[in-house]
Amino acid sequence: MGSSPPLYLQIQQHLLEKINGGDWPAHHQIPPEEQLARNFGVSRMTANKAIRDLVQQGYLIRQPGLGTFVTDRKAESSLVEVHNIAEEVRSRGHGYSNDVLCSEAIEADDEVALRLGVRLGTRVFHTLIVHRENGVPIQLENRYVNPRWVPDYLDTDFTHHTPNEVLVAACPISDIEHVVEAVLVDETTARHLDTDTTRPCLSMIRRTWSGDHLISYARLIHPGERYKLRSSMHRNGS
């Protein structure tokens with residue numbers, strides 16, 4: 001017979017079940033260490049370790065003088081950098097998966113031609129992918145790529161490699177442009193993101209350059225209640 005997990009892990013499992021099951025939403029105050037220690041028949045030091053580990057993992061946050069609270073663990077991306085969404089998800093300790101809805105060569109319409117800096121009717125590559133975190137849709141990526149700079153783009157197995165991985169490998173990104181707005185989506189997009197048309201979503205238009213070459217144009221749609229965008233700037237003191 002296998003041995004039982006350490007007591008502090010049993011406390012962690014209990015706390016995670018409450019958090020992941022929705023019983024304790026973001027900003028909910030969890031029971032104090034003393035109460036957890038009594039409930040599980042352990043020392044306060046053991047309860048402290050269980051909580052401390054979950055703080056380090058980003059599930060909980062301590063507020064001095066107030067207590068310990070559940071964090072808002074919405075999926076998050078940076079506005080000033082471009083990261084591989086699969087790595088972002090895995091860095092949070094979660095499982096990444098995707099649905100590849102489309103991978104094709106098309107003729108650029110007015111919008112795509114303008115955004116991608118090519119002539120109307122130019123042959124471009126197009127992918128449409130739903131990115132998931134623990135099985136839950138967090139982003140619909142509608143991307144157009146100039147085949148002149150990434151000719152092997154459509155040869156990729158996008159179930160194993162994200163568009164970001166392919167683009168960075170072919171053309172290291174030197175410049176990015178982001179335009180973000182809140183939008184209501186159509187029924188098809190809502191279905192892909194497992195939301196509905198009355199719930200606001202975050203739309204981010206992203207264009208990426210490698211040197212002087214405009215490589216890619218993408219429209220990224222995120223369910224507003226499941227996603228947040230982050231920006232930070234560091235200034236050197238004079």
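Reader: How many aromatic pairs does a search of the whole structure find?

Author: The model is a predicted one. A pair of aromatic rings is described by the distance of the centres and the angle of the planes. Searching the whole structure on that basis, the number of aromatic pairs found is three.

Reader: How are the planes of Phe 125 and Tyr 153 arranged?

Author: The ring centres of Phe 125 and Tyr 153 are 6.4 Å apart, and the planes meet at 10 degrees. Planes under 30 degrees apart fall in one class, and therefore this pair is stacked.

Reader: How many residues apart in sequence are the parts that Phe 125 and Tyr 153 tie together?

Author: Phe 125 belongs to strand 5 (residues 123-133). Tyr 153 sits in the loop between strand 6 (136-145) and helix 6 (163-170). The pair therefore ties together parts whose separation in sequence is 28 residues.

Reader: Is Phe 125 buried or exposed, and what of Tyr 153?

Author: The limit for a buried residue is under 20% relative accessible area. Phe 125 has a value of 4%, and Tyr 153 has 0%. Phe 125 is thus buried, and Tyr 153 likewise counts as buried.

Reader: Which elements hold Tyr 144 and Tyr 217, whose rings also pair?

Author: The rings of Tyr 144 and Tyr 217 are stacked, because their planes are at 10 degrees, with centres 5.6 Å apart. This pair ties together parts 73 residues apart in sequence. Tyr 144 counts as buried at 12% relative accessibility, as does Tyr 217 at 2%. The elements are strand 6 for Tyr 144 and, for Tyr 217, strand 9 (residues 213-223).

Reader: Over the face of which residue does Lys 49 lie?

Author: The position of Lys 49 is given relative to a ring centre, at a distance of 4.6 Å. The ring in question is that of Tyr 8.

Reader: Which residues lie nearest the centre of the second largest pocket?

Author: This pocket has a volume of about 230 Å³. Its lining comprises eight nonpolar, three polar and four charged residues. Helix 5 (110-116), strand 6, strand 7 (175-183) and strand 9 each give two or more residues to the lining. Of the 15 lining residues, those nearest the centre are Leu 140, Asn 142, Thr 189, Arg 219 and Ile 221.

Reader: Which element gives the largest share of the largest nonpolar core?

Author: The largest nonpolar core has 15 residues, among which Ile 11, Leu 15 and Leu 60 touch the most other members. Helix 1 (7-20), helix 2 (33-40) and helix 3 (44-56) are the elements that give two or more residues to this core. The largest share is four residues, and its source is helix 3.

Notes
Residues are numbered from 1 along each chain as its sequence is written. This is a predicted model: local features need pLDDT of at least 70, side-chain atom pairs count only at pLDDT 80 or more; totals for chains, interfaces and linings use all residues. Side-chain values use heavy atoms; hydrogens and water are left out. Rings of Phe, Tyr and Trp (its six-membered ring) pair if their centres lie within 6.5 Å; planes under 30 degrees apart count as stacked, over 60 as edge-to-face and the rest as tilted. Buried means under 20% relative accessible area, exposed over 50%, partly exposed in between (1.4 Å probe, protein chains only). A charge sits over a ring if NZ of Lys or CZ of Arg is within 6 Å of the ring centre and within 35 degrees of the ring normal. On a 1 Å grid over the protein atoms alone, a cavity is a set of points where a 1.4 Å probe fits but cannot get out, and a pocket is an open set with protein on both sides within 12 Å along at least five of seven lines; lining residues have an atom within 4 Å of a point. Grid points are joined across faces, edges and corners, and a volume is the space filled by probe spheres set on the points. Ala, Val, Leu, Ile, Met, Phe, Trp, Tyr, Cys and Pro count as nonpolar, Asp, Glu, Lys and Arg as charged, and the others, Gly among them, as polar. A nonpolar core is a set of buried Ala, Val, Leu, Ile, Met, Phe, Trp, Tyr and Cys residues joined through side-chain atoms within 4.5 Å.
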